[in-house]
Amino acid sequence: MHFSKAGIRFDVCHSAEEACERVLAPGVEYLAVLTDVNMSGMDGIEFCTWMSKHRPDVAVVVMTAFTSMESAVSAMRAGAVDYIQKPLHMEGTVNRMRRVIDARQLQTRVERLERALHETRAHDDLLGASAAMKQIYSLIKRVSDTPTSVLVTGETGTGKELVARALHNGSRRREGPFVAVNCSAIPEHLFESELFGHTRGAFTDARSDRVGLLAQADGGTLFLDELGDLPITVQPKLLRSLEERVIRPVGANQEQSINIRVVAATHADLDTLVSEGRFREDLYFRINVIRMHLPPLRSRGHDILLLAQHFIERYARLMEKPVTGFKTAAAEQLLVYHWPGNIRELRNCVEHAVTLTEYERVGLEDLPPRIRDYSPSHVIVAGSDPAELLPMHEVERLYVQRVMQTVDGNKTLAAKILGFDRKTLYRKIERYEKQARAGG
Ligand SMILES: Nc1ncnc2c1ncn2[C@@H]1O[C@H](COP(=O)(O)OP(=O)(O)OP(=O)(O)O)[C@@H](O)[C@H]1O
Ligand SMILES: [Mg+2]
């Protein structure tokens, strides 16, 4: 009666066994149970133990006799969150139960938010809805919370560093450090002491101890950027550290153990470097356990517009300008352009456009000249070796495919770019498909 009056919804059970059945049944999600201790069958203490095993998310409060302090203690040990002494003071009981329920609700909400935050943090600002990016997200999800080394490859500006951070943030190591090392920025003679540290007096300039980058990354993630530029002279020592999980600073007699996860990135072709003897094969195998290849922006179809829209909103906010999107001609040109600098180039292009435009929607004239004036006829389909040169109909087929890919299968736009009417384009595509079926 008192719970009803207080607006707390409840069910009554006549034994602990009945309560066990209730809390496991689908339907009502209970937040709390108020139980007696002395009951026939399963008693209140056994019930607390059972609950903390089967429904740890439901709070249990026990009612104990004033004289029985031990049962209160055993109940708390068995997982009860609180106890109320009998005889019950009804108003106090209702208030206690309400506090327990509120706390449970809050906790559930916090847990849900944490999960949601974690999910978004797992890919940071990684945007993109293309099939290629969905594959990347799913791979990130599967490997982030593992100790496995990951090699991220892709052209410049495709988001390799962003993926490395997403891997870190999606792992248990996210509270630990993320240490990025740009292998192309460290002079060769300093590499060893940068990576492994040194002791005071280890060499002429070593005036004090220095903690190396590997030790700084202890408990977290070491991001080796531009891995292809790692000097061959330090590669054996790095390999040993990764295999044995120890480092020895330059000049030190003692090794210290470290716990790091390695993510590396490169736009160089490591296979070639290995075959030319410029990169050690054993280190390559050690790091290239999982390979993630980021697609170039030009092959990501409408992701181009999605990212462009994201950057428009960002720069409009930053510059406090009422710019909201693109005019059709500008959007089409973004899809046609080949984006050698990938997402970084797109971001800079949008920044340029938002800075200059005087309209709400960015027009063709607001784009940087090299993008505005780009014409896809500059694309070379064949190689330069005479043996590789193609007959005209084959060039046309490859080029039509390339355009179709770039516009994500939008035939109207493809026909416009190619200068065909739509019927002609349909006919050609149909013929290519027929040839492919006959050939395959
Ligand atoms: N999928 C994405 N969504 C949103 N922004 C992205 C995405 N990928 C990359 N970016 C942005 O593009 C820029 C370049 O990304 P990043 O520095 O990770 O590229 P990179 O592959 O490491 O390039 P480089 O090889 O030149 O070092 C960054 O500003 C990054 O935030
Ligand atoms: Mg980078």
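**Pockets and ligand site of a predicted model**

**View 1. Residue classes in the lining of the largest pocket.** In this predicted model, the lining of the largest pocket comprises 22 nonpolar, 7 polar and 7 charged residues (nonpolar: Ala, Val, Leu, Ile, Met, Phe, Trp, Tyr, Cys and Pro; charged: Asp, Glu, Lys and Arg; polar: the others, Gly among them). Residues are numbered from 1 along each chain as its sequence is written, with chains lettered from A and ligands numbered from 1 in the order written. Local features need pLDDT of at least 70 and side-chain atom pairs pLDDT 80 or more, while totals for chains, interfaces and linings use all residues; side-chain values use heavy atoms, without hydrogens and water.

**View 2. Position and make-up of the largest pocket.** The largest pocket holds about 1,100 Å³ of space (the volume filled by probe spheres set on grid points joined across faces, edges and corners). A pocket is an open set of points on a 1 Å grid over the protein atoms alone where a 1.4 Å probe fits, with protein on both sides within 12 Å along at least five of seven lines; lining residues have an atom within 4 Å of a point. Of its 36 lining residues, Arg9, Phe10, Asp11, Ala32 and Leu34 lie nearest the centre. At least two lining residues each come from helix H1 (2-5), helix H2 (16-24), strand E1 (32-36) and helix H5 (90-122) (DSSP runs numbered from the N terminus: helices, H or I, at least four residues; strands, E, at least two). H5 contributes the most, with 7 residues.

**View 3. The second largest pocket, between two domains.** Domain 2 (131-293) and domain 3 (300-374) both supply lining residues, so the second largest pocket lies between them (bounds from an automatic or database domain assignment). This pocket has a volume of about 550 Å³. Its lining has 22 residues, with Gly157, Thr158, Gly159, Leu162 and Arg344 nearest the centre. Two or more of these residues come from each of helix H7 (160-169), helix H13 (303-319) and helix H15 (342-356). H13 provides the largest share, 4 residues. By class, the lining has 7 nonpolar, 6 polar and 9 charged residues.

**View 4. The surroundings of ligand 1.** Ligand 1 is surrounded by 15 residues, the closest being Leu127, Thr156, Gly157, Lys160 and Arg347 (a heavy atom within 4 Å). Polar contacts (N or O pairs within 3.5 Å) involve oxygen atoms of ligand 1: one pair, at 2.5 Å, is with a side-chain N or O atom of Arg347. Polar backbone atoms take part at 3.1 Å in Gly159 and at 3.4 Å in Thr158. Of the 640 Å² of accessible area that ligand 1 has on its own, the protein covers 88% (Shrake-Rupley method, 1.4 Å probe).

How values were computed
A polar contact is a pair of N or O atoms within 3.5 Å; within protein, one must be able to donate a hydrogen and the other to accept it, and residues adjacent in sequence count only if both atoms are side-chain atoms.
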